[in-house]
Amino acid sequence: MKILHVNAGLEAGGGLTHIINLLTEAKKEGQDFVLLVFAEGPVAKAARAAQLEVHVLGANSRYDFSSLRRLAAFINHGHYDIVHTHGARANLYLSLIKRKITARWCVTVHSDPYLDFSGRGIMGKIFTQLNLRALKKADWLFAVTKRFKKLLVTKAKINPTKVYVIYNGIFFHTNNSLPPKEEHRGFNLINVARAEKVKGQDLLLRAVKNINNPDIHLYFAGDGSELSKLKSLTRELELTAQVTFLGFLTQEQLTELYRRMDLAVLASYSESFPLVLLEASDNLVPLLSTAVGDIEMMIPDRQHGFVAKIGDLTSLTAGLRTALEMNDQELVAMAKREKDYLVHNFAVKQQLAVILRVYERYLKA
C-alpha cells in the first residue's frame, strides 16, 4: 500500500504537526508514506528534520495551476494507491486532476471549512466554495471531530458513509523525561494559537482584566493578522505589565516555556481537536478551553480540566478564577490525571491504526 500525502507546504500550525506526526509514526511502523508539498516552507523543513521522504512540486505561486500537469504525473508515475490531501489548496488541486490519476483520493478536514477563509471578503467566499466543491469530489474524508462530520453531512450535503471521524494524536513523553518545573512568582497563563479573530484572544484579555489580579501574567505564543489589534487592546485595558507577546515559538521553545506555566488557555470560537492542548498536557500543564470541537472527549469532566462556554466572557472569567483559587498540589494532580487519560486515548499510534483500516477498506472495495 503506497500512500502520498499532499499539502501546500506553508502550514505552520496544528496541520503541520498532524502531518509530521502521522508520517513519523507510519515510518516507524514500516508503512510506505511519502509527502509532497507544492512549495518550500515550514512543512518541508519539518519533514526533513524528522528524516521523512519529502518532495517539492515547485509551484511558482499560491495558485500556480500550470503545476497541475506535474502533480498528476508525479502521482501516476509513482504508482500511488492513495493520495491523501491536507488543506484547502491541496484539496482544490486534487479535485482538478482527479479524473487524470489512477489513485484513490481522500482528505483530512482539519478545521471548519466554512470558517477557514472568514474575514477575507469576496475572495474568502470564493475560496470557501471552491474548497467545499473539492471536498464533495473526494472518495472519502476524515473529519477530526464529530462536529465537523456533522457539518460536512448536514450543511455540505456529503454522503455520511464517506466521512470518518479521526481524532488528532501526538507523541507523548514519559513524565520523568520532561525538564523539571521552574519555580516562579505569580500565576502564569499561556495561549498558543495564531492571532486571529476565531481564536478569541481578545476575550481572554478581557477575562484577565475582569479578574483584576496583578499576579496573573498572560503569555501569547503565535503570530497572525490580529496581533497589532491585540497589542492595542492590551494597552487599552492597561494590561501591558501582565501580558507578553512572544510571536511564533518552536516546539523546543514552547517546552522550555511550559516549565513555568500554571494553566494553558484556549479561548477559541472554533477548533478541530486542538493539538496545542494535547502538547500542553504532555508537559503537565492543566487545561482551560472553550467548548470547541469535541472538547468533551479531551476534557471529560472537572477532574481533568476546565471548560468554558464559547464566546462567553463570564464563563471564561469564572474558569480562570477557579483555577487561580486552586493550590499548587491540586493543579499538579489535575495535570497528571489529564495526561494519563490523554496518553491512553490520543496517541499517534491509535490515530494511524484507524487511518490504515479505512485505507484498506477502500482498496479492497
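User: Is Glu25 buried or exposed?

Analyst: First, this is a predicted model: local features need pLDDT of at least 70, side-chain atom pairs count only at pLDDT 80 or more, and totals for chains, interfaces and linings use all residues. Residues are numbered from 1 along each chain as its sequence is written, and side-chain values use heavy atoms, leaving out hydrogens and water. Glu25 has a relative accessible area of 4%, so it is buried.

User: Which residues is Glu25 in contact with, leaving aside its neighbours within four places in sequence?

Analyst: Glu25 sits in helix H1, residues 14-28 (helices, H or I with at least four residues, and strands, E with at least two, are DSSP runs numbered from the N terminus). Contact means heavy atoms within 4.5 Å. Skipping the neighbours within four places, Glu25 is in contact with Phe171, Val348, Lys349 and Leu352.

User: How far apart are the C-alpha atoms of Ile170 and Phe346?

Analyst: Ile170 is in the loop between strand E7 (163-165) and strand E8 (187-192), and at a relative accessible area of 3% it is buried. Not counting residues up to four places away in sequence, Ile170 touches several residues, including Asn21, Leu275 and Phe346. Ile170 and Phe346 are 176 residues apart along the chain, yet their C-alpha atoms are separated by 7.0 Å.

User: What share of contacts in the protein between residues at least 6 apart in sequence join residues at least 24 apart?

Analyst: For some background, the protein has 14 helices and 13 strands. Of its 365 residues, 53% count as buried. Among contacts between residues at least 6 apart in sequence, the share joining residues at least 24 apart is 70%.

User: What is the radius of gyration of the protein?

Analyst: The C-alpha trace spans about 60 × 45 × 35 Å along its principal axes. The radius of gyration is taken over C-alpha atoms, and the globule rule is 2.2 Å times the number of residues to the power 0.38. With 365 residues, a compact globule would come near 21 Å, and the protein agrees, at 21 Å.

User: Are H7 and H8 roughly parallel or roughly antiparallel?

Analyst: Two packed helices are described by the angle between their axes and the distance between the axes. H7 (residues 201-211) and H8 (residues 227-236) pack at about 15°, with axes 10 Å apart (axes are lines fitted to C-alpha atoms, for helices over the stretch in contact, and angles run from 0 to 180 degrees between N-to-C directions). Under 35 degrees counts as roughly parallel, over 145 as roughly antiparallel, 65 to 115 as roughly perpendicular, and the rest as oblique. H7 and H8 are therefore roughly parallel.

User: What do the buried residues of H7 pack against?

Analyst: The buried residues of H7 are Gln201, Leu203, Leu204, Leu205, Ala207, Val208 and Ile211. Just after H7, Asn212 takes a positive phi of about 55°. As for partners, the buried residues of H7 pack against E8, strand E9 (216-221), H8, E10, strand E11 (263-266) and helix H12 (313-325).

User: At roughly what angle do the axes of H10 and H13 cross?

Analyst: The crossing of H10 and H13 is left-handed. The contact is made by Leu278, Ser281 and Asp282 of H10 and Ala335, Glu338, Lys339 and Leu342 of H13. The axes of H10 (residues 275-282) and H13 (residues 328-345) come within 9 Å and cross at roughly 120°.

User: What is the relative accessible area of His79?

Analyst: His79 has a positive phi of about 55° although it is not a glycine. It is in the loop between helix H3 (68-77) and strand E4 (82-86). His79 counts as exposed, because its relative accessible area is 62%.

Conventions: Buried < 20%, exposed > 50% of the residue type's maximum accessible area, 1.4 Å probe, protein only. Left-handed = near helix turned anticlockwise from the far one by under 90°.
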